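Here is a short briefing on one protein model and its ligands. Keep the 3D view open as you read.

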Amino acid sequence: MYSRYLQELAMTSKEISKMFVQLGNKTGPNVFIVIGASGDLAKKKIYPVLWALFKDELLPKETYIIGYARSKLSLEDLQSRWAPFLKVSEEEQEKYKEFVKINKYCAGQYDKTSDFSRLDKMINDVGNCNRLFYLALPPSVYETVTLNLKATCMSKSDKWTRVIIEKPFGRDLETSEHLSNHLSSLFREEEIYRIDHYLGKEMVQNLMVLRFGNRIYSPIWNRDSIASVVISFKEPFGTQGRGGYFDDFGIIRDVMQNHLLQLLTLVAMEKPPSTAAEDIRNEKVKVLKSVPPITMDNVVLGQYVGNPDGKDDEKQGYLDDPTVPAGSVTPTFVTAALFVRNERWDGVPFILRCGKALNERKAEVRIQFKDMPGDIFSEGKVKRNELVIRVQPNEAVYMKMMTKSPGMSFDCEETELDLTYGSRYKGVKMPEAYERLILDVFTGSQINFVRSDELYQAWRIFTPLLHQMESEKPKPIPYKYGSRGPKESDDLFANNNFTYTGTYKWSPSKI
Ligand code: NDP
Ligand code: BG6
């Protein structure tokens, strides 16, 4: 409701956020409870984001924060944990002291209802308030914790309770369904916020505007004009001591089944009737329903090995990480070709690729258009157009296209129409994905959160492959730390109507 109203007003994101806050203020006070406050996610992401919102005056007035975890910590102990990750400048010291004052900590077990009753009492000290629980916890305790929350900590009377859950939402269709059924027995769908932080990124949110706000794309956004779509996630570092968690899940569950599939739905979905959360999520689910499960012959699995010529970190392969079990066949790199069997997309490969310990950090969507029919120029000169939406780093949208070589010649060459955010929107601060999403939860907007049927479809697509991998244990192809991944991945691209010519040259000095 709020978002509809706000969209009708042309406002900057900061103005919108402030407006959200004012609207939220009418219904305060609010208590934000971080369950698992002593953990990694809490110190690295959640407290820094709460601080960022607080210092920019985007947190609704009368918001208090309570950390809950098993460790017996004082507020000072908690502060020293988050301190290395909170950016506080000299001028912000006073503000930071105010931030500390809105924080409290409660030590308690995850399976003890009496401890949650103490937490409830602490929340009640604020008065009749809205409650926002962030479960920054290992999935193994989700059920116990949510049972206790439901039993003891729900808001009273007219106030709301919202629960934010972090991935992994299960590890396959069955476990995810089990968790979904458990949650829906306790909370209404509008109380559950399943976070996929990619949905909070600027360029991911921009996909809807680019597609549905530009007439030029509507007639060409389909199988008639598009040859293939590549959705990439690359990281230049390995598991870095997180191998224990990672090995249990692998890159498919860690990145592809959620972040990359979300990008696919935004690229492929039909135009929703409005920007209301349910209208958008209905369209996303429809697309997913048209995607058959991935098959092994459309997949390349890789695992990084040390690069003896690389820097210190790069010398270590995945299996050299002491937290990774010996002989593990967990992939750290995957390329998979998916198909959307509907009228718009039939036959167009959606190539999803993600990997750790690669040559660069990059997340992007690359739409490659078909060859120009009836080429009248020198054979082979005219290259395919590409529309690239670079999610990170250095947000940009660029369209690779042909132009006449400037000057007397009548030759043609590759060039680009370039929207580089760093130059077009100089000085505009892009909010962190988590900042946006946490603000969304305060305002009750579920546009950027995953609905239970969306999750079901996502697992339906990946579960047969994951189970096959678990039973057959295919050995991933080794690739060197710092490389572009296994060569077989490029072959899969080439076999799926993606053409790489290597002729395009970008001149960064133009920025
Ligand atoms: P390219 O044609 O150079 O690359 C296209 C794609 O091919 C990329 O996905 C690339 O890297 C992949 N590729 C590389 N080698 C192979 C191979 N052997 N087989 C198959 N695929 C391969 O165009 P780009 O769009 O990548 O542009 C080149 C550079 O210019 C980039 O660094 C880009 O960021 C920059 N640029 C920046 C702009 C801006 O900042 N606004 C605008 C335009 C360009 P991979 O597969 O490793 O991901
Ligand atoms: C997380 C994955 O969801 O996303 C990590 O668990 C990954 O493995 C991270 O590193 C990437 O997020 P971002 O925002 O840095 O691209």
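This model is predicted.

**Ligand 1**
- The shell around ligand 1 has 17 residues. Lys234, Lys362, Arg390, Thr420 and Arg484 are the closest.
- For Lys362 the distance is 2.6 Å. For Arg484 it is 2.7 Å, and for Arg353 it is 2.8 Å.
- The protein covers 79% of the accessible area of ligand 1, which on its own has 880 Å².
- Three strands each give at least two residues to this shell: strand 11 (362-369), strand 13 and strand 14 (412-420).

**Ligand 2**
- Charged residues around ligand 2 include Lys167, Lys201, Glu235, Arg242, Asp254, Lys356 and Arg361. His197, Tyr198, Phe233, His259 and Gln392 also surround ligand 2.
- By class, this shell has seven charged, three polar and two nonpolar residues.
- Which distances separate oxygen atoms of ligand 2 from side-chain N or O atoms of Tyr198 and Lys167? The distance is 2.4 Å for Tyr198 and 2.8 Å for Lys167.
- Lys356 also takes part, with a polar side-chain atom 2.7 Å from an oxygen atom of ligand 2.

**Cis peptide bonds**
- Most peptide bonds are trans.
- The bond from Lys167 to Pro168 is cis, with omega near 5 degrees. Pro168 sits in the loop that runs between strand 5 (161-165) and helix 8 (173-186). Lys167 is also one of the residues around ligand 2.
- The bond from Gln392 to Pro393 is cis as well, with omega near -15 degrees. Pro393 belongs to the loop between strand 12 (386-392) and strand 13 (396-404). Gln392, too, is among the residues that surround ligand 2.

**Positive phi angles**
- Most residues other than glycine have a negative phi.
- Glu62 is not a glycine, yet its phi is positive, at about 60 degrees. Where is Glu62? Its place is the loop between helix 3 (40-55) and strand 2 (63-69). Glu62 is partly exposed, with a relative accessible area of 47%.
- Asn497 also has a positive phi, near 65 degrees. Asn497 falls in the segment after helix 15 (487-495). Is Asn497 buried or partly exposed? Asn497 is partly exposed, at a relative accessible area of 33%.

**Nonpolar core**
- How many residues make up the largest nonpolar core? It has 138.
- Ile35, Leu119 and Phe350 have the most contacts inside this core.
- Helix 10 (residues 243-268) supplies the largest share of the core, with twelve residues.
- Leu119 shows what such a core position looks like. Leaving aside residues up to four places away in sequence, Leu119 touches Ile33, Ile35, Ile66, Tyr68, Cys106, Phe133 and Cys153. One of these partners, Ile35, is itself named among the residues with the most contacts in the core.

Note on methods
Residues are numbered from 1 along each chain as its sequence is written. Chains are lettered from A and ligands numbered from 1 in the order in which they are written. This is a predicted model: local features need pLDDT of at least 70, side-chain atom pairs count only at pLDDT 80 or more; totals for chains, interfaces and linings use all residues. Side-chain values use heavy atoms; hydrogens and water are left out. A residue is near a molecule or strand if one of its heavy atoms lies within 4 Å of it. A polar contact is a pair of N or O atoms within 3.5 Å; within protein, one must be able to donate a hydrogen and the other to accept it, and residues adjacent in sequence count only if both atoms are side-chain atoms. Helices (H or I, at least four residues) and strands (E, at least two) are DSSP runs, numbered from the N terminus. Buried means under 20% relative accessible area, exposed over 50%, partly exposed in between (1.4 Å probe, protein chains only). A nonpolar core is a set of buried Ala, Val, Leu, Ile, Met, Phe, Trp, Tyr and Cys residues joined through side-chain atoms within 4.5 Å. Contact means heavy atoms within 4.5 Å. Accessible areas come from the Shrake-Rupley method with a 1.4 Å probe; for residues, only the protein chains shown count as cover.
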